[in-house]
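Dear colleague,

I am passing the structure below on to you, together with a written account of what was found in it. Please read the two side by side.

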Amino acid sequence: MMILALALAAAAGPDTPDYRDMANWLCRPGRQDACSMDLSTTVVAADGKRSLEPFKAARAPKFDCFYVYPTISLDTTPNSDLIPGDEEKRVAQFQAARFARHCRVFAPVYRQVTLSALRSVIGGGSPKIDREMAFADVKAAWDDYMAHDNKGRGVVLIGHSQGSLILTRLVATAIDGKPAQKQLVSAMLIGSSVPVPIGKDVGGVFPTIPLCRSADQAGCVVTYASFRADSPPPANTRFGKGDRPGVEAGCTNPAALGGGKAGMHAYLNAGGNMLVPGPADAWSKDGPAVTTPFVSVPGLISAECVKQDGFNYLAVTVNADPADPRTDTIAGDVKIGNAILKDWGLHLIDMNLAQGDLVDLTARQYAAWAKKR
């Protein structure tokens, strides 16, 4: 094992973080960290009645989840440092921690391209970003996890946005067609475009790993980018489209992998300082403020994968009823001031729109994976 560890360190290069140093992990099982924060949820029914849903992590999870977070660092440099800020911790609570209901969660800290750099690029700047460094960090963390923690267990890869882009490359170069593919329960690559040949489920970036088309399918990919159904992707968006002629973006609805429209089991931010604020008004009209970190709104949100004008995306509908006491709106648009950037769709809440579905899906996919062993 020592020889393997030294080989991995040598391959990673002298500047690569040491992931034997536990400080370089945002989340690891068996400790109090960003993935063990409060996940309690207020469930607001259509009639306005409320109930409390506590969260309970699995005592002895049988499989693992390896999570890479999205562009979130507020560091002012083009790439972040390895000291996680409150924003990295919040996004782990917002996106990853709930998966501990079924799996052990591993989340490395990595020197990602920062929000400062992204904003500069959007504004026409050219910051000296280093995407290779960000990928090398995650690859080193993955190698460390496989060498020291996996021990033959099934693993779900989970990423959003920049995290998904990095994991897509990781799956393509280190998992597809490699020994590690045997451990792949699924790859949840959310909020990015995974290219597949038009009308096909396999090919494109992954030669052998297909899109998931059943909840009882393992070794496959769950991917989508979400837009409001009444605000489809505009021509200038970077999401929901192929990267070259002959391919399209894969779209798999976690609530209905076989296709069609389905209600989403969302866990949304009830307010406070996470990725997005809750609605300005109460979650039920004339009701008290929700005091838990999360809110669930059964029946309010539904979605389906839609192909339209060269895009393939998750079209999200808010089933508002002005006659009932529950809110008719959800937050999640990317804004500059009060202006909505429609090319980003509902990128901020891609994962949370279907988080309950994704969490449940990991357990079913693990059962399918274990059955094939």
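**Charges over rings, and what surrounds them**

Arg 98 lies over the face of Tyr 267, at 3.8 Å from the ring centre, where a charge sits over a ring if NZ of Lys or CZ of Arg is within 6 Å of the ring centre and within 35 degrees of the ring normal. The charged end of Arg 169 is likewise placed over the ring of Phe 135, 3.9 Å from its centre.

Please keep in mind that this is a predicted model, in which local features need pLDDT of at least 70 and side-chain atom pairs count only at pLDDT 80 or more, while totals for chains, interfaces and linings use all residues. Residues are numbered from 1 along each chain as its sequence is written, and side-chain values use heavy atoms, with hydrogens and water left out.

**Aromatic pairs**

The structure holds 13 aromatic pairs (rings of Phe, Tyr and Trp, the last by its six-membered ring, with centres within 6.5 Å; planes under 30 degrees apart count as stacked, over 60 as edge-to-face and the rest as tilted). One of them joins Tyr 69 and Tyr 110 in a tilted arrangement, 4.8 Å centre to centre with 45° between the planes. Tyr 69 belongs to the loop between strand 4 (63–68) and helix 2 (86–96), and Tyr 110 to the loop between strand 5 (103–108) and helix 3 (115–122), so the pair ties together parts that are 41 residues apart in sequence; helices (H or I, at least four residues) and strands (E, at least two) are DSSP runs, numbered from the N terminus. Both Tyr 69 and Tyr 110 are buried (under 20% relative accessible area, with exposed meaning over 50% and partly exposed in between, for a 1.4 Å probe and protein chains only).

The rings of Trp 142 and Tyr 145 have centres 5.6 Å apart and planes at 40°, so this pair is also tilted. Both residues lie in helix 4, 3 residues apart, about one turn of the helix, and both are buried. Together with Tyr 19, Trp 25, Phe 66 and Phe 106, they form one aromatic cluster.

**The core**

The largest nonpolar core has 92 residues, of which Phe 66, Phe 99, Trp 142, Leu 157, Met 188, Leu 268 and Ile 301 touch the most other members; such a core is a set of buried Ala, Val, Leu, Ile, Met, Phe, Trp, Tyr and Cys residues joined through side-chain atoms within 4.5 Å. Helix 4 (residues 131–150) gives this core its largest share, 7 residues.

Thr 362, in helix 6 (residues 355–372), counts as buried because its relative accessibility is 0%. Leaving aside neighbours within four places in sequence, Thr 362 is in contact (heavy atoms within 4.5 Å) with Phe 63, Phe 99, His 102, Val 156, Val 185 and Met 188.

**Strands**

Strand 9 (residues 220–224) has 5 of its 5 residues buried, so it is largely enclosed by the rest of the structure. Cys 220, Val 222 and Tyr 224 cover one side and Val 221 and Thr 223 the other, all of them buried. Strand 7 (residues 184–190) runs parallel to strand 9 and is joined to it by 5 bridges, two strands being paired if DSSP finds at least two bridges between them. Met 188 has Val 222 in strand 9 as its bridge partner.

An open sheet of 4 strands has the order 10-16-15-12, with mixed pairing. Strand 10 (226–228) and strand 12 (262–263) are at its edges with a single partner strand each, so one side of each is left without a neighbour in the sheet.

With best regards
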